[in-house]
Amino acid sequence: MRPIKNAKKIDYNLIKVFDMVITEGNATRAARKLDVTPAAISQALLRLQSLYGEELFIRTRQGLVPSSKGKSLHQVFRQAIESIENTFYDKTYVQESNELTVLGSDITENYYFPALLDTMLLNRHVIKHYAIKKTGEYTPASMLTHGYADVVMGILEIKNAMIESYLIDNLSDFVCFCGEKSPLVGLEQISLYNFYAARHAVYHSDMFSSFTADTIDLFKVSTPYTGRRKIGYHSDSLFGIMGVVEKSDMVAILPRKIAAYFRDVRRYNIKIMRMPDEMTFRALPVYAYLATNSMSYKNAKNLISTFQSISLIKPEKEPDIFVKDSISLCHL
């Protein structure tokens, strides 16, 4: 690594700005948090970028995306910020537990959590992950405020004055996939006719089902065709869906990045196809929540910051609202 010129003169406020932009998801929300103008945020990022002589963010259609250098820097900066914050805690008080309880879904555990293996976070904490359930005495919000959970991950915002929400990901590119036994395996794009003619394996978990509703308005179709999908299999397990699709003639829908992960990393023999041109999908934001009164607030916030560092997408604007006149899907 080449030495940074005038490194001793670095303005450490730039690190605070850089951390806030990644934590909040975009420059506008970071400006509100720091009580400065968006222009001041942009200038600070340019100054920090000039110090390292490398691009720290890449501008995409979804907004600013941290570069590889930006992600690695953020993890180092978070450790430094955490060390500074620790100096303000009275050591006579009981230290935060190193255990973190996370409520999520099959996707949380099998797609997002494996990325933590490349960080030091798993060496410092014991993480307990449990699936969110719709049944029971407590809602996800009350689980947080009562201290039964430290972090909740899901797709819909929890509206509660005692709960903070952070954007983790934005799933906006959906695909259809099949196995080698499907007659559609040779296609690069599935037609609307084949979409409705094929039998579907449907993944449903509480991450992709609203905490307050039983349906998700996921896509709309620009043609008058009013067919219904033929459902052949339901499961709340991603591995179950993948296994059935791989060994049968069924198809399934998932975000492209998740389907590609199971194909390329988990080595499932599946063929990914583009969705019909007549279908328009809305984005599904993935949020992480923690309670402001949490006994593990600092550790939970560090976990969320780590997820934001390794997440690929940081949109500059909030995800689109539900598509009007769209087809209601109980599950994917």
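1. C176 is buried, its relative accessible area being 0%; buried means under 20% relative accessible area, exposed over 50%, and partly exposed in between, with a 1.4 Å probe and protein chains only. C178 likewise counts as buried, at 0% relative accessibility.

2. The model is a predicted one, in which local features need pLDDT of at least 70 and side-chain atom pairs count only at pLDDT 80 or more, while totals for chains, interfaces and linings use all residues. Residues are numbered from 1 along each chain as its sequence is written, and side-chain values use heavy atoms, with hydrogens and water left out.

3. How many disulfides does a search of the whole structure find? The search finds zero, a disulfide being a pair of cysteine sulfur atoms within 2.5 Å. For C176, the closest cysteine sulfur is that of C178, at 7.1 Å, which is too far for a bond. For C178, the closest is in turn the sulfur of C176.

4. The protein has 332 residues, of which 50% count as buried. Its secondary structure comes to eleven helices and 15 strands; these are DSSP runs numbered from the N terminus, helices being H or I with at least four residues and strands E with at least two. Of the contacts with a separation of 6 or more, 81% are between residues 24 or more positions apart, contact meaning heavy atoms within 4.5 Å.

5. The largest nonpolar core has 56 residues. Such a core is a set of buried Ala, Val, Leu, Ile, Met, Phe, Trp, Tyr and Cys residues joined through side-chain atoms within 4.5 Å. Those with the most contacts inside this core include Y112, F177 and L303. The core lies between domain 2 (97-168 + 283-310) and domain 3 (172-281), because both give residues to it; the domain bounds come from an automatic or database domain assignment.

6. Leaving aside residues up to four places away in sequence, L303 touches L100, V102, L116, L121, I127 and V151. Another core, of 21 residues, lies apart from the largest one, and L14, A27, Y52 and F77 are among its members.

7. Helix α1 covers residues 13-24 and reaches 16 Å from its first C-alpha to its last, close to the 16 Å expected at 1.5 Å a residue; the expected span is 1.5 Å times one less than the number of residues. The helix is mostly covered, with ten of its twelve residues buried, including L14, F18 and D19.
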